[in-house]
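Please keep the structure open beside them.

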Amino acid sequence: MSARVESRGRVTLIGGGPGAEDLLTLRAVRALAAADVVLYDRLAPHATLHELAPGAELIDVGKRPGHHAFPQEEIEALMVARAELGAHVVRLKGGDPYVLGRGGEEVLACHRAGIPVEVVPGVTSAIAVPSAAGIPLTHRGVSHLFTVVSGHAPLDDDTLRHLAGLGGTIVVLMGVNTLPSITAGLVRHGLAADLPVAIVERGFQPGQRTTISDLGGVVVAAGRARAASPAVVVIGEVVRLAHDGDLTAQGLMDRAARLAVPGS
Ligand SMILES: C[S@@+](CC[C@H](N)C(=O)[O-])C[C@H]1O[C@@H](n2cnc3c(N)ncnc32)[C@H](O)[C@@H]1O
């Protein structure tokens, strides 16, 4: 191995989960403790990073909707440059790096530069945020599949038709702004206007809130509630199990009764 390669650092790409620090994995916590530099995103847990990564320089590369604090190429360039100087760079991302998180691009940037890179999976908001509101994405007799889709840009008509035809639960990330076109498209392609929809905002964070409606009414409900990002939208019968903090036995039984499920 050449001296140049030996002096190189490495990158650990961490999925930080939906925002609650105690949803970080043990492997993530260990990597943070050994970091020289941490580049962290807005939705990654970062309130106590100075304790989790006491020896590290902390750099907020958080992207805000409509205002990209750091363009993606700059994040990659910074990550690679620091590793080339010999640092252990932790790239802390929200959720899981490989679920609508551009983790693949960052790994490729490391490969291109010859920097060793490890990926630590995280708890994706696509599954965890619905669960924070009591919504299982699958439920025996109700839904045996789920599809996760990005609502960052409007969905084309073909995608909407396929989604409507799948029959399971639909989970939309980054879908607050595109909710009108997505819901109208799904109804146009045959889903019932009274199919339940939940918008779960700020999952596992202060101010977590769930707005329940249906495909026909959710745009009005979202407007009335001033629903905002970050939010996960769940479309499907499983939404009938949602709670907003009511975890009493009676509440659970009432919600189960809304589902015509064998054994419920
Ligand atoms: C760029 S995507 C990244 C997804 C991430 N890689 C993951 O696996 O969760 C960001 C979107 O994830 C969702 N999201 C992430 N954390 C969330 C949270 N705590 N509450 C609600 N939605 C969240 C929102 O839809 C947000 O707009």
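1. In which strand does K93 lie? K93 lies in strand 6, where strands are DSSP runs of E with at least two residues, numbered from the N terminus. The model is a predicted one, in which local features need pLDDT of at least 70 and side-chain atom pairs count only at pLDDT 80 or more, while totals for chains, interfaces and linings use all residues. Residues are numbered from 1 along each chain as its sequence is written, and side-chain values use heavy atoms, with hydrogens and water left out.

2. Strand 6 spans residues 88-93, and six of its six residues are buried, meaning under 20% relative accessible area with a 1.4 Å probe and protein chains only. H88, V90 and L92 are covered on one side, and V89, R91 and K93 on the other.

3. Strand 6 runs parallel to strand 1 (residues 10-15), to which six bridges join it, and I14 has L92 as its bridge partner. Strand 6 also pairs in the parallel sense with strand 2 (residues 37-40) over four bridges, with V38 partnered by V90; pairing requires that DSSP finds at least two bridges between two strands.

4. K93 itself has a relative accessible area of 2%, and is therefore classed as buried. Its side chain reaches the backbone oxygen of G101 at 2.8 Å, and a polar contact of 3.0 Å joins the side chains of K93 and E106; a polar contact is a pair of N or O atoms within 3.5 Å, and within protein one must be able to donate a hydrogen and the other to accept it, while residues adjacent in sequence count only if both atoms are side-chain atoms.

5. Leaving aside neighbours within four places in sequence, K93 is in contact with residues including L13, I14, D41, A44 and R102, where contact means heavy atoms within 4.5 Å.

Notes
Buried < 20%, exposed > 50% of the residue type's maximum accessible area, 1.4 Å probe, protein only.
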